[in-house]
Structures are given as structure tokens and as C-alpha cells.
Amino acid sequence: MAAERDDDQEGMPQGDLARESFLRRLRALLHTQPLHQLELHKGMRGGGPDKYEPYDLLALQLAAIDYIADHQNPLRGVPLEEVQQEVGHLAGAMAPKRRAGEHREVATLVLSALENEGAGAFTLSFRDPYGPGHPRQSDVKLVTPDQAVDGSIELRATPQAINLLLDVMDVDIESAERAAAYVLRLQVERGRLRSAAESAERMRRLSKAYQGSIQQAILTAQRDIGQVDWAGRVMAEIERAYGHVDERLREEAAIIEDVAERHAAAAEPGQRQALLQIKELLEDCNRYHRELHTLLMDARTRLLEQHASQRLAPPPSPALVAMHADVLLPVLGLAVAPADDVLTPFAAGTVPPLPPALVSVSRVADHLWRARAERQVALRPVVPVELDDEDEAQPRFTPEAVAFARELLGRDHRGTPLSRLLSEASAPGSPPGAARLVALGGLEAFMDAGGEVAWGDEAETWRLVPRGLTAERTGGRLDHPDYAGDELALTRAEP
Amino acid sequence: MTITRQQIADAARLLGFACRPRAYAGRESGYAELLNLYRTDEEFRDVFDAMASGLDLRVLDVTDRALLIGADLDSPFGFRLSEYRKSDELDRRVVRGLIVLGIAAYCFPTQRSLEDSGLPPLMAREVDDFLRAACEQLRGRPGERDDEPGLDMAWQLYLRQPEVKGTDRRRRSQSATVDLIEQTLEDFVEWGLVVEEPSAGGVRRFRGLPRLRVQVRAMASQHAFSVLQKLRRENA
């Protein structure tokens with residue numbers, strides 16, 4: 001998987017291969033641009049031209065990436081405070097006479113710049129001299145903030161940033177690891193310990209980069225576990241990576257043993273110190289490879305399970321859509337405006353119908369004003385609806401009750417309490433429902449509007465509350481066994 | 001066919017329940033009886049379906065617990081992405097739309113997953129990683145038009161958004177994708193598409209509900225797929 005980029009080029013004509021390599025190296029150089037920017041423009045930052053003069057911001061950024069890459073692991077980034085402290089410490093060494101607060105400020109500036117001040121990727125432009133003349137763009141992220149389980153911020157160096165540690169060269173990491181180990185062995189055998197230590201340090205960085213690239217590939221494949229070709233390409237790549245890591249582990253163990261023996265036998269302190277340093281660096285490589293070994297073992301188990309279930313399951317319905325391959329990737333590959341044309345109906349289909357909290361008059365009106373032919377209705381023939389009044393279960397007021405209530409409400413009232421009318425309407429012998437009508441009439445009078453109650457034949461409208469009848473609160477309560485609430489006094493104005 | 005007032009009233013009540021995605025029979029009085037009526041009484045079903053289709057709504061599924069309906073694109077009850085959380089501006093709307101699509105594709109990456117019964121746990125960070133990995137996949141694709149001037153691709157737009165809020169508090173971004181995904185998942189809870197589960201070590205966890213599968217399978221994926229096909233034909 002480290003050689004993924006090279007895999008893509010198999011079968012490519014020689015000229016294309018050279019051009020791809022050229023572009024990769026050009027991009028790698030380009031990716032250092034954000035680091036230079038901060039250093040080059042430091043004099044223009046607030047605080048005057050001299051404020052950042054003693055600080056080499058380029059070196060501090062690279063040191064920050066180094067520190068993060070060294071301390072992160074597959075599961076966790078490095079706490080922001082820890083990196084800030086480390087970078088602040090290095091800034092302090094550059095300008096010991098400046099105050100500690102300023103060192104911390106420089107550290108914040110450096111980390112914020114690496115993250116592109118919260119804006120995500122840096123978009124960088126370049127021109128391909130062998131391609132079409134227009135400018136091209138490349139996005140790069142160096143350090144990404146990550147939220148830890150406790151909510152704190154951790155930083156991670158991206159594979160692109162880690163590549164910066166590899167001398168900005170276009171390398172096949174697997175081959176480079178093998179070569180570095182070979183060179184290291186020779187150097188140790190020949191006693192060139194200073195060079196050997198440099199090789200060991202290179203091996204350590206290479207193993208870190210390899211870990212990063214494999215980890216990324218595994219995570220990507222595992223997320224799409226249902227739709228990748230596990231049995232084919234992914235399985236082959238995992239097996240190859242597994243073989244490589246296995247080989248590295250064995251070779252590292254052999255070199256560590258050799259170096260440990262030499263260390264035990266060495267008498268000269270400088271030599272002992274150098275051998276110890278080499279051993280520690282190799283142990284780091286070994287640790288990265290062991291972590292990777294575990295990750296690959298897990299991935300292999302998962303893919304075998306997935307492969308088995310893929311083989312045993314019946315084929316899915318052809319009417320269904322593979323969301324990742326058939327929708328997500330095609331939409332991501334669209335320009336923004338046409339992507340919107342797909343995403344809008346997609347979202348409309350995902351979210352269930354919701355009555356708007358506030359009715360949007362324009363939407364309802366648009367809908368109602370549309371010609372009938374436009375509406376996509378009628379999955380089946382629409383049968384004309386006949387409304388039927390057959391439902392006799394609904395209680396209704398009888399003409400007697402209405403007449404009784406009208407008589408009570410139509411009297412010449414001068415502050416008559418509603419309770420008294422209610423008592424009359426509910427007295428034995430009164431028509432059922434009359435009291436309820438009186439209560440309603442009282443309320444209508446209170447609203448200062450002569451109400452109308454439709455009853456019986458639709459053409460005939462009966463006025464329940466006479467014009468001029470008003471009601472107002474007395475401050476007391478209704479005195480009636482069936483009705484409760486404010487007492488009202490009814491008064492009828494002179495016609 | 002003679003339709004009674006009672007049938008219309010019942011159909012309207014059932015539609016009312018169906019338009020409340022978090023309403024379930026057993027939790028709402030009368031809902032179970034109406035569901036039973038819908039399943040067993042053909043005449044009532046016709047009344048309901050006619051009422052729903054007049055509002056450009058479609059019955060997607062009926063279970064013992066709920067009647068699931070979807071809105072056609074013209075329905076006055078339909079969800080408008082442009083009206084969702086200040087998404088009137090194109091870039092913002094596309095990022096929001098990609099998040100909705102990303103959540104769906106994360107839950108149902110394959111055809112088979114739209115048929116399976118299990119739904120994976122959802123965590124905002126995981127969904128974001130999934131979306132970014134898909135974007136990265138396009139970045140590396142040969143022939144991908146990532147460098148045409150003035151033509152911003154959806155994957156580039158998404159990758160440009162910060163993942164979480166910047167560490168410099170004065171410059172905190174309002175468009176961090178992990179935060180937006182979490183916000184969308186919260187809305188999905190309101191819309192009855194996911195539930196929130198007990199957090200795992202302080203990280204909020206959600207899980208899809210069957211309604212999410214039904215909506216994606218019967219409505220969303222079909223809408224999107226047909227627009228994509230149309231775009232392909234136009235560009236062919």
C-alpha cells in the first residue's frame with residue numbers, strides 16, 4: 001500500500017511515468033510552501049518588524065511536525081498543550097531574553113499556522129510544464145486538530161506532513177526501509193557510528209511514515225467494508241504489507257541484537273553512547289512496526305469474515321442503489337452547482353414530511369394555485385367523494401332547546417347574572433341542551449359580537465344572541481352545579 | 001364509494017400521526033387503531049391514500065408501530081435543503097447536503113446494506129472521516145478534473161472545510177464539519193431517523209432507525225440516482 005502510487009502507474013507509458021513522478025515531487029515541494037510563508041512574512045505580523053526576528057518560524061514548524069509525528073500513535077494524537085509547551089520551549093531556546101509569555105505566543109502562532117488557522121487545507125497553485133497551460137491546484141493539510149474522548153484537542157500530523165520528514169523526496173517507503181536497514185548494517189559493521197545513527201534516525205522516520213500510510217489505507221478500506229473488493233486487491237495489499245512488516249520486525253530484531261552486543265563489548269564512552277542511541281532509534285522503529293503488525297492482523301481477520309459473508313449472502317435486489325459507489329462518489333465528483341441539484345432532492349427524500357412550525361404561506365399558495373394537471377397524484381383512479389350525513393350519532397340541539405335559549409337570552413336584561421339563566425335553562429322540564437346553549441350565548445355576548453348558530457336546513461340561520469346583548473365579568477364565580485368559571489352579568493342595550 | 005365524515009376525520013388523524021416522525025402506536029392514543037384500520041379496511045386505505053397523494057405524500061411502509069410516509073419533491077410538507085439552518089448560500093447548502101448524504105452512505109454503503117436489518121453506530125467524527133476518505137479517493141483518481149480554474153468540485157469544497165474548531169479560540173470557525181455532522185444527527189433525532197445512545201467515553205453516539213433505511217431506500221436514493229442519470233445523459 002505504500003507503493004500505491006506506483007501501482008497506479010503500472011502499464012503507463014514511460015513518458016507518463018516520468019511525468020507523474022515529476023508532479024509528485026513538485027507537489028511535495030509545494031507542500032513546504034505554507035511553512036515558508038510564515039517565516040517569510042513574520043516581519044509583517046502585528047507587534048512590529050522585530051517581534052519575531054529572533055525566532056526561526058520555519059524551523060519551529062518543522063520541529064512541531066516532528067514532535068507530533070513522533071508522539072502520535074494509531075489511536076491518539078498529541079495533546080495540544082503538550083505540543084504548545086514543547087514548541088514554546090524551543091522558541092525559548094531561540095530567544096532566551098524574551099519573556100516566557102512571548103514564547104508561548106510564538107508556539108500558538110506556529111501551531112495555528114500549521115492548522116491553517118482553523119480553515120483546514122491549504123490550497124496551493126502550480127503549473128505543470130508538461131501539461132495544459134492553466135494553473136492547477138493541490139490541497140495540503142499538515143496538522144489536523146482532533147477531539148479526544150475527554151473533549152480536549154489533540155493534534156495529528158498528516159501523512160503529507162510526515163512525508164516532509166522524508167527529505168521531501170519521492171520515495172517508495174518499503175524499498176527505502178529495506179535500503180536504510182541494509183546501509184545501517186554496513187555502517188555498524190564498519191564502525192561508522194555517526195553515519196549509522198543518521199541511518200537509524202532515517203529508518204525511524206520511514207517506519208513512522210509507513211505506519212501512517214498503511215493505517216490510512218486500512219481505515220479507508222474498513223469504512224467501506226461492504227463494497228471493497230476484499231478478496232482481490234485489498235487482500236493482496238494487506239498480505240504484502242504484512243509480509244513487509246514481518247520482514248522488518250525480524251531484521252530490526254537482528255540489528256538490535258547486534259547493536260546491543262556491540263554496546264556491551266564497547267569500552268569507549270563515545271562509542272557506547274552512539275550505539276545506545278542507535279539501539280533506541282531502532283527500538284522505536286520496532287515499536288511502530290509492532291503496532292502496525294497488530295493493525296494488519298485485525299484487518300486480515302475482518303476481511304476474511306467479510307469475504308465469507310459476501311460469498312454466502314444472496315445477491316441484493318437490482319432495484320436498490322449502492323449509496324457509496326452509485327451516489328456519494330458521483331456526487332463528490334460533480335462541480336458544486338450540479339451537486340446541489342442532486343443533494344437537494346436527496347435531502348428532501350431522506351427527511352420525512354414535516355408540517356412546518358410556521359406555515360409558509362407562499363409554499364401553500366403555490367401548491368394550491370398549481371393547475372390540477374400538474375399535480376402528480378392518482379396512483380389509482382380517484383373516485384368522486386360523496387359526503388353523507390348518515391352519521392346520526394352526533395348529538396345536536398333540538399329546535400325546542402334553541403327556542404328556549406333564545407327566549408332566555410332575548411329578555412330585557414339589566415345585569416342579569418348568567419348563573420340565574422343557567423339555573424332556569426337546566427330546571428326540570430327544560431329541553432335538554434338548553435343550558436349549554438345559554439352558556440354559549442353568554443360567552444358570545446361577552447365577546448361583544450352577536451353570534452349566529454347554524455342549525456337544521458343549511459339555508460336557515462338562527463340568531464341565538466340578540467343584537468345589543470353584552471356581558472361583563474362581575475368578579476364573582478358562576479353559581480351552578482354543571483358550569484364553572486367567571487360570573488357574567490348580561491345587559492341588553494336599548495334597540 | 002360512499003365516504004363518511006368519520007373516515008375523513010380518521011384519515012386526517014392518521015396523517016397527523018404520520019407527519020410526526022417520533023409518534024409511535026402505543027405512545028399515542030388511537031394511533032394503533034388507525035394503523036389497524038389502514039391495514040385491514042381497503043376503503044379507509046383508499047381515503048387515506050387519496051388524501052396523502054393530494055398533498056404529494058406517499059406511503060412508504062406500514063408497520064405495527066407507525067405509518068411511514070415520504071414527501072414528493074413538490075409537497076408543501078417536503079424538506080427544503082435551502083431552508084435548512086441558513087443553507088441559502090450555495091456552498092453552505094452543498095456542505096449540508098453532503099453531510100446528509102454522507103450519513104446515509106455511511107449507514108448504507110452497498111445495495112445489500114439497504115436490505116439488511118442492522119444499522120451501525122454513528123459518531124460525527126467517524127462520518128466525517130468517511131466523507132473525507134471518499135473525497136481523498138477522488139483526489140487521487142486519474143483524470144479527475146481537480147484543477148480546472150473556476151470549477152470547484154464538491155469533494156474539494158468539503159475537504160476545504162475545517163474538521164473541528166480551530167485551536168485558536170479567536171478564530172473559531174463556524175463551519176467545522178464534525179460539528180455540523182453532530183448538529184445534523186441531532187436534527188435526525190428530531191425527525192425520527194436516528195436515536196442517541198449512551199455516549200462511549202464522552203463521544204456522542206447515535207444509531208439509525210428503520211425509518212432512515214426506508215426513507216433512503218424508497219425516496220432519497222431514487223431521487224438522487226435519477227438526477228445523476230439525467231446529468232450523465234446531458235453530459236454524454
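Is Lys141(A) buried or exposed, and how many other C-beta atoms lie within 10 Å?

Guide: Happy to, and a word on the ground rules comes before the tour. This is a predicted model, in which local features need pLDDT of at least 70 and side-chain atom pairs count only at pLDDT 80 or more, while totals for chains, interfaces and linings use all residues. Residues are numbered from 1 along each chain as its sequence is written, and chains are lettered from A and ligands numbered from 1 in the order in which they are written.

Lys141(A) is buried, because 23 other C-beta atoms lie within 10 Å. The cut-offs are these: 20 or more other C-beta atoms within 10 Å of a residue's own make it buried, 12 or fewer make it exposed, and anything in between is partly exposed, with C-beta atoms placed from the backbone. Lys141(A) sits in the loop that joins strand 3 (136–140) to strand 4 (143–147) of chain A. Helices (H or I, at least four residues) and strands (E, at least two) are DSSP runs numbered from the N terminus. Thr158(A) lies 17 residues from Lys141(A) in sequence and 6.6 Å from it in space, C-alpha to C-alpha.

Asp56(B) lies between helix 3 (42–54) and strand 2 (57–62) of chain B, and it counts as buried because it has 20 C-beta neighbours inside 10 Å. Asp56(B) also has a positive phi of about 60 degrees, although it is not a glycine. Most residues other than glycine have a negative phi.

Setting aside residues up to four places away in sequence, Leu249(A) touches Asn286(A), His289(A), Arg290(A) and His293(A); a contact here means C-beta atoms, placed from the backbone, within 7 Å.

Stepping back, chain A has 17 helices and 11 strands, and 33% of its 495 residues are buried. In chain B there are eight helices and six strands, with 44% of 236 residues buried. Of the contacts with a separation of 6 or more, residues 24 or more positions apart account for 64% in chain A and 47% in chain B.

The two chains come together in the largest nonpolar core, which has 147 residues; among those with the most contacts inside it are Val110(A), Val327(A), Leu101(B) and Ala104(B). Such a core is a set of buried Ala, Val, Leu, Ile, Met, Phe, Trp, Tyr and Cys residues joined through C-beta atoms within 7 Å. Helix 11 (residues 269–312) of chain A gives this core its largest share, 12 residues. A second, separate core has 22 residues, including Phe397(A) and Leu437(A). Beyond its neighbours within four places in sequence, Ala104(B) is in contact with Met323(A), Thr350(A), Val216(B) and Ala220(B).

Helix 4 (residues 57–71) and helix 6 (residues 100–114) of chain A pack at about 70 degrees, with axes 10 Å apart. Axes are lines fitted to C-alpha atoms, for helices over the stretch in contact, and angles run from 0 to 180 degrees between N-to-C directions. The two are therefore roughly perpendicular: angles under 35 degrees count as roughly parallel, over 145 as roughly antiparallel, 65 to 115 as roughly perpendicular and the rest as oblique. Residues including Leu60(A) and Ala64(A) of helix 4 meet residues including Val106(A) and Val110(A) of helix 6.

Helix 15 (residues 399–409) and helix 17 (residues 434–446) of chain A have axes that come within 8 Å and cross at roughly 45 degrees, which makes them oblique. Leu437(A) of helix 17 takes part in this contact, as does Phe404(A) of helix 15.

Notes: Contact = placed C-beta atoms within 7 Å.
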